[in-house]
Amino acid sequence: MKAATICLLVCLAPFFSVAGARSDSTAVFKAAFLSGEWQPYVMQSTDYALNGPDTTFLQRLTASVDVVVTDSTADRYMLTWRFHDFAIETDSRLLKAVVAKAEPVTVTCLVSPVGILREFLNWSSLTTCLDEALKAELPSYALRSDSAAKREIERLYAFRSGLEGLLLRSIRLFHQLHGYGYDLGVVVDVPTLLALPGLTDQVPGTVRKRLDVLDEGTAVVSTVSVPDTTHLKALLTRIKPTREESDALLATKMTGSTVFDLKTGWVFYTFEALEQAI
């Protein structure tokens with residue numbers, strides 16, 4: 001396997017209350033949030049690379065997440081997501097020091113009456129959460145001219161540039177099933193756009209969804225997303241990557257699964273894993 005990325009959102013709390021929408025073989029995924037309701041989660045994102053059975057790179061970011069229903073009306077919900085207590089497993093001393101001092105991030109969003117994500121209203125803290133940590137930790141590295149310090153700074157800014165997308169992606173992942181209905185065991189193919197590592201343009205593809213488990217109030221949906229190889233090959237002829245990079249991109253797939261509480265509309269657990277293998 002060449003490389004893999006995992007985005008993981010795990011619930012820590014039990015769920016309660018109102019009736020859900022399901023039949024013996026069909027589930028409809030709707031929100032039934034209560035104003036003032038709060039749910040805690042743990043988010044985990046892992047980047048790793050393998051060479052045969054050996055792990056050649058591993059970096060894991062974790063954060064506590066509080067999701068609060070700050071307002072509820074007949075035509076929408078307002079949710080506030082608060083990401084805090086960031087920690088990272090990494091061999092980069094600079095990155096570990098900066099993440100340990102990261103300030104909490106608050107994102108406010110509107111969702112439809114059935115839970116479909118409509119828009120992000122406030123996410124300004126995403127771009128400033130590392131500012132004070134950078135002021136405290138970066139100067140000692142910026143004054144150095146050795147290659148090790150340069151690599152540390154490059155890794156830090158690569159992490160910083162991807163953090164906003166990671167946290168917003170976690171919110172989108174939470175809402176990916178809301179507003180849809182599925183029949184047990186039936187595969188549904190949906191056109192999609194995929195963001196692949198190393199490419200600036202999104203690539204057309206297909207996400208295949210299947211309702212795998214349906215019991216009293218709980219449903220499990222699995223997903224597999226793959227790029228359109230014809231479009232991807234045409235793109236690769238223009239950007240001319242190395243043979244190894246090209247093979248990895250052509251082997252890209254994204255798998256995932258969500259455990260959903262049909263009674264309340266809250267997600268118990270969801271993840272996606274982006275893999276590139278040769």
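Helices here are DSSP runs of H or I with at least four residues, numbered from the N terminus. The model is predicted.

Q: In which helix does Ala-148 lie, and is Ala-148 buried, exposed or partly exposed?
A: Ala-148 belongs to helix H3, residues 147-174. Buried means under 20% relative accessible area and exposed means over 50%, with partly exposed in between. Ala-148 has 31% relative accessibility, so Ala-148 is partly exposed.

Q: What distance separates the C-alpha atoms of Ala-148 and Glu-164?
A: Start from Ala-148, a residue of helix H3. Glu-164 is 16 residues apart from Ala-148 along the chain. Their C-alpha atoms are separated by 26 Å.

Q: How do helix H1 and helix H2 run, roughly parallel or roughly antiparallel?
A: Helix H1 covers residues 93-100 and helix H2 covers residues 131-142. Their axes are 8 Å apart, and the packing angle is about 160°. Angles over 145 degrees count as roughly antiparallel. So H1 and H2 are roughly antiparallel.

Q: Which residues of H2 make the contact with H1?
A: H1 passes H2 in a right-handed crossing. From H1, the contact uses Arg-93, Leu-94, Ala-97 and Val-98. From H2, the contact uses Ala-133, Leu-134, Glu-137, Leu-138 and Tyr-141.

Q: What word describes the direction of H1 relative to H3?
A: The axes of H1 and H3 come within 8 Å. They cross at roughly 40°. Angles under 35 degrees would count as roughly parallel, and 65 to 115 as roughly perpendicular. H1 is therefore oblique to H3.

Q: Which residues in H3 meet H1?
A: The H1 side consists of Arg-93, Leu-94, Leu-95, Val-98 and Val-99. The H3 side consists of Glu-152, Ile-153, Leu-156 and Phe-159.

Q: How do H4 and H5 run, roughly parallel or roughly antiparallel?
A: Helix H4 spans residues 229-239, and helix H5 spans residues 243-250. They pack at about 160° with axes 11 Å apart. The crossing of H4 past H5 is right-handed. The angle is over 145 degrees, so H4 and H5 are roughly antiparallel.

Q: Which residues of H5 make the contact with H4?
A: H4 brings Leu-232, Lys-233 and Leu-236 to this contact. H5 brings Ser-246, Leu-249 and Leu-250.

Q: Why is the pair of Phe-33 and Trp-266 tilted?
A: There are nine aromatic pairs by the rule that ring centres lie within 6.5 Å. In the pair of Phe-33 and Trp-266, the ring centres are 4.6 Å apart. Planes under 30 degrees apart count as stacked and over 60 as edge-to-face, with the rest tilted. The pair is tilted because its planes are at 45°.

Q: How many residues apart are Phe-33 and Trp-266?
A: Phe-33 sits in the loop between strands S2 and S3. Trp-266 sits in the loop between strands S12 and S13. The pair links distant parts of the chain, 233 residues apart.

Q: What is the relative accessible area of Trp-266?
A: Phe-33 is buried, at 4% relative accessible area. Trp-266 is buried too, and its value is 0%.

Q: Which residues form one aromatic cluster with Phe-33 and Trp-266?
A: Phe-33 and Trp-266 are members of one aromatic cluster.

Q: Which residue lies over the face of Tyr-180?
A: The distance to the ring centre of Tyr-180 is 5.0 Å. The residue over that face is Lys-209.

Q: What is the phi of Asp-85?
A: Asp-85 is in strand S5, residues 77-89. Asp-85 is exposed, with a relative accessible area of 57%. Most residues other than glycine have a negative phi. Asp-85 is not a glycine, yet its phi is positive, about 55°.

Q: Which residues does Ser-112 touch, not counting residues up to four places away in sequence?
A: Ser-112 lies in the loop between strands S6 and S7. Ser-112 is buried, at 7% relative accessible area. By that count, Ser-112 touches Arg-76, Tyr-77 and Arg-118.

How values were computed: Residues are numbered from 1 along each chain as its sequence is written. This is a predicted model: local features need pLDDT of at least 70, side-chain atom pairs count only at pLDDT 80 or more; totals for chains, interfaces and linings use all residues. Side-chain values use heavy atoms; hydrogens and water are left out. Rings of Phe, Tyr and Trp (its six-membered ring) pair if their centres lie within 6.5 Å; planes under 30 degrees apart count as stacked, over 60 as edge-to-face and the rest as tilted. Helices (H or I, at least four residues) and strands (E, at least two) are DSSP runs, numbered from the N terminus. Buried means under 20% relative accessible area, exposed over 50%, partly exposed in between (1.4 Å probe, protein chains only). A charge sits over a ring if NZ of Lys or CZ of Arg is within 6 Å of the ring centre and within 35 degrees of the ring normal. Axes are lines fitted to C-alpha atoms, for helices over the stretch in contact, and angles run from 0 to 180 degrees between N-to-C directions. A crossing is left-handed if the near helix is turned anticlockwise from the far one by less than a right angle, and right-handed if clockwise. Contact means heavy atoms within 4.5 Å.
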